[in-house]
Amino acid sequence: MSEDKIKVQVTNLTKKFGDLLVLDDISFNVKQGEFLCIVGPTGCGKTTFLNSLTKLYDLTAGEILINGEPVNLKKHNIAYILQEYSTFPWLKVEENIKYGLRIKKIPEDEVQKRADEVIAMVGLEEFRNYYPDQLSASMLQRVVIARAFAVQPELLLMDEPYGQLDISLRFRLEDELLKLWEKTETTVIFITHNIEEAVYLSERILVLTNKPTKIKKELLNPLPRPRDVTSKEFVEIRNYVTDLIKWW
Ligand SMILES: Nc1ncnc2c1ncn2[C@@H]1O[C@H](COP(=O)(O)OP(=O)(O)O)[C@@H](O)[C@H]1O
Ligand SMILES: [Mg+2]
C-alpha cells in the first residue's frame, strides 16, 4: 500500500431527505489501496453514502473527491456492488462478466482476456455458459465479484454483499475477496453491519452512530493476516467494537 496517497476524500458530507437529516457533516479519507469497512445500524445512511459517492444522490452539503478531483464516473473507474446485487438473467455467466467491459468500449480481445482472467480467479470456468438461474447463491456472488474486478476498478464499493448468506459461505467469499484485493491493490469500501466481518476484512473501521449520523469512532485494525476469528486479539477488537456500538 502506497502509504499516504489519498484515494477518497469526504469533507463535511451532509445529506438530507426533506427534513430528515441522515448524514450529518461527516469527514474522512480513504487511502489508496486501503480496505475500509464502515459499520453502522440499519437506516443510518450507509447506502446513502455510497449513492452519494456514485452521484445517484446529490449532496446537501460538503464534497467527495477521488484522487483530489470531484467524482466523475466517466473518468474514475468505480465498481459498485449493490446491496440487492443482481445479474442479468438473460445473459450467460461469461456475457454477464463482459457486459461492463463492453459498455466501457474496451476492445473485444481485451474483453475476452479479462473475462478469462476473472473467471479463473473466482473458479467459474465450468460455469461460464450457464445462466444465472442455473447457479447457486455462492456462484452468483462469484459472478458479481468477477464482474466488478473485470473492470479493474480503482475503487470498489460493496454494500453488505454477504448479508444474506450463511456463515461458511460468507467466510469463503470473504477469503476470495481478500485474495483479489491483495492481488489487485484495489481500494475497497465495504459496508456491513456485521462486526466480525468488519474485523476480519478491514485495515480500518469507521463506526457510525444512529441518525443524524456522525462517525462515532475510527479505528485501525492492526491484526496480521490471515486472521483467526477465534484468536484472543481478534476477539478483543471484536468486543471493543461491539461495546462501542450498543445499537440494541
Ligand atoms: N431516496 C430516498 N428518499 C427518502 N429517504 C431516503 C432515501 N434513501 C434513503 N432514505 C432514508 O435515509 C435513511 C438512511 O437510509 P439508508 O442509507 O438506506 O440506510 P442504511 O443503508 O444504513 O441501512 C433512512 O431513514 C431511509 O429511509
Ligand atoms: Mg443499506
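The shell around ligand 1 is made up of six nonpolar, five polar and two charged residues (Ala, Val, Leu, Ile, Met, Phe, Trp, Tyr, Cys and Pro count as nonpolar, Asp, Glu, Lys and Arg as charged, the others, Gly among them, as polar). This is a predicted model, where local features need pLDDT of at least 70 and side-chain atom pairs pLDDT 80 or more, while totals for chains, interfaces and linings use all residues. Residues are numbered from 1 along each chain as its sequence is written, chains are lettered from A and ligands numbered from 1 in written order, and side-chain values use heavy atoms, without hydrogens and water.

Let us start at the ligand. The residues surrounding ligand 1 number 13, and G43, G45, K46, T47 and T48 are the closest (a residue is near if one of its heavy atoms lies within 4 Å). Helix α1 (46–53) and strand β2 (20–31) each supply at least two shell residues, with α1 giving the most, three (helices are DSSP runs of H or I, at least four residues, and strands of E, at least two, numbered from the N terminus).

Now to the backbone. The peptide bond from K211 to P212 is cis, with omega near -10°, and P212 sits in the loop between β9 (204–208) and β10 (215–220). Another cis peptide bond joins R225 and P226, with omega about -5°; P226 belongs to the loop between β10 and α7 (232–245).

Finally, N67 is not a glycine, yet its phi is positive, about 50°. You will find N67 in the loop between β4 (61–66) and β5 (69–70).
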